[in-house]
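Here is a short briefing on one protein model. Please look over the sequence and the fold before reading the points.

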Amino acid sequence: MSEREVFEYALLRVVPRVERGECFNAGVVVYCRARSFVAARTHLDPVRLRALDPGADVTGVRAALAAVEGVCRGGDDAGQAARDDAGRRFRWLIAPRSTVVQPGPVHTGLTSDPEAEVERLLDLLVR
């Protein structure tokens with residue numbers, strides 16, 4: 001078994017009407033400094049979104065979630081963050097914003113496989 005490393009993660013919450021404060025989980029961002037790893041996985045449930053806001057822009061929310069995944073991947077999809085290391089991209093993504101897609105608080109754990117951790121957390125906390 002490989003050595004377990006500390007990782008950090010934050011849930012991505014969809015807050016369709018910020019003034020009401022209602023939200024649901026739609027993704028997770030995982031960062032492991034020891035492995036220079038950052039990744040996000042998202043899953044949008046349009047039925048839940050429309051239950052909170054019947055007029056919600058499903059396409060726009062999907063695009064915002066996809067942008068988070070793009071920043072994590074780096075390269076052309078990351079925009080200005082393309083040259084940043086994994087830690088800087090993670091910190092930028094978890095910074096509070098008053099938009100429809102908001103990061104939750106950061107939590108920590110131990111893992112020997114950060115990539116598998118992303119999928120595990122998505123299944124556990126989002127789907």
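This is a predicted model: local features need pLDDT of at least 70, side-chain atom pairs count only at pLDDT 80 or more; totals for chains, interfaces and linings use all residues.

Residues are numbered from 1 along each chain as its sequence is written, and side-chain values use heavy atoms, with hydrogens and water left out. Helices (H or I, at least four residues) and strands (E, at least two) are DSSP runs, numbered from the N terminus.

**Sheet**

- Four strands form an open sheet in the order β3-β2-β1-β4, with antiparallel pairing. Two strands pair if DSSP finds at least two bridges between them.
- β3 and β4 (101-111) are the edge strands, and each pairs on one side only.
- On average, neighbouring strands of this sheet are turned by 20 degrees against each other, direction ignored. Axes here are lines fitted to C-alpha atoms, for helices over the stretch in contact, and angles run from 0 to 180 degrees between N-to-C directions.
- β2 and β3 run antiparallel and are joined by six bridges.
- Cys32 has Phe37, in β3, as its bridge partner.

**Helices on the sheet**

- α2 lies across β1, β2, β3 and β4 and runs at about 160 degrees to β3.
- α3 also packs on the sheet, touching β1, β2, β3 and β4. The direction of α3 makes about 155 degrees with that of β2. Contact means heavy atoms within 4.5 Å.
- Ala86, Gly87, Arg89, Phe90, Leu93 and Ile94 are buried in α3. Buried means under 20% relative accessible area, exposed over 50%, and partly exposed in between (1.4 Å probe, protein chains only).
- These residues sit on the same side of α3, because they cover an arc of only 165 degrees around the axis. The arc is that of the directions from the helix axis to the C-beta atoms.
- The buried residues of α3 pack against β1, β2, β3, α2 and β4.

**Nonpolar cores**

- The largest nonpolar core has 25 residues. Val14, Val29, Val38, Leu44, Leu49, Val61 and Leu65 touch the most other members. Such a core is a set of buried Ala, Val, Leu, Ile, Met, Phe, Trp, Tyr and Cys residues joined through side-chain atoms within 4.5 Å.
- β1 (5-14), β2 (24-32), β3 (37-42), α2 (58-73) and α3 (86-94) each supply at least two residues of this core.
- α2 gives the largest share, six residues.
- Another core, of 12 residues, lies apart from this one and includes Phe7, Tyr9, Val28 and Phe37.
- Val38 touches Val29, Val30, Tyr31, Cys72, Ala86, Arg89 and Phe90, not counting residues up to four places away in sequence.

**Aromatic pair**

- The whole structure holds two aromatic pairs. Rings of Phe, Tyr and Trp (its six-membered ring) pair if their centres lie within 6.5 Å; planes under 30 degrees apart count as stacked, over 60 as edge-to-face and the rest as tilted.
- Tyr31 and Phe90 form a stacked pair, 5.2 Å centre to centre with 20 degrees between the planes.
- This pair links distant parts of the chain: Tyr31 is in strand β2 and Phe90 in helix α3, 59 residues apart.
- Tyr31 counts as buried because its relative accessibility is 9%. Phe90 counts as buried at 0%.

**Loop residue Ala78**

- Ala78 is in the loop between α2 and α3.
- Ala78 is buried, with a relative accessible area of 7%.
- Ala78 touches Gly70 and Val71, not counting residues up to four places away in sequence.
- The C-alpha atoms of Ala78 and Ala67 are separated by 7.7 Å, and the two residues are 11 apart along the chain.
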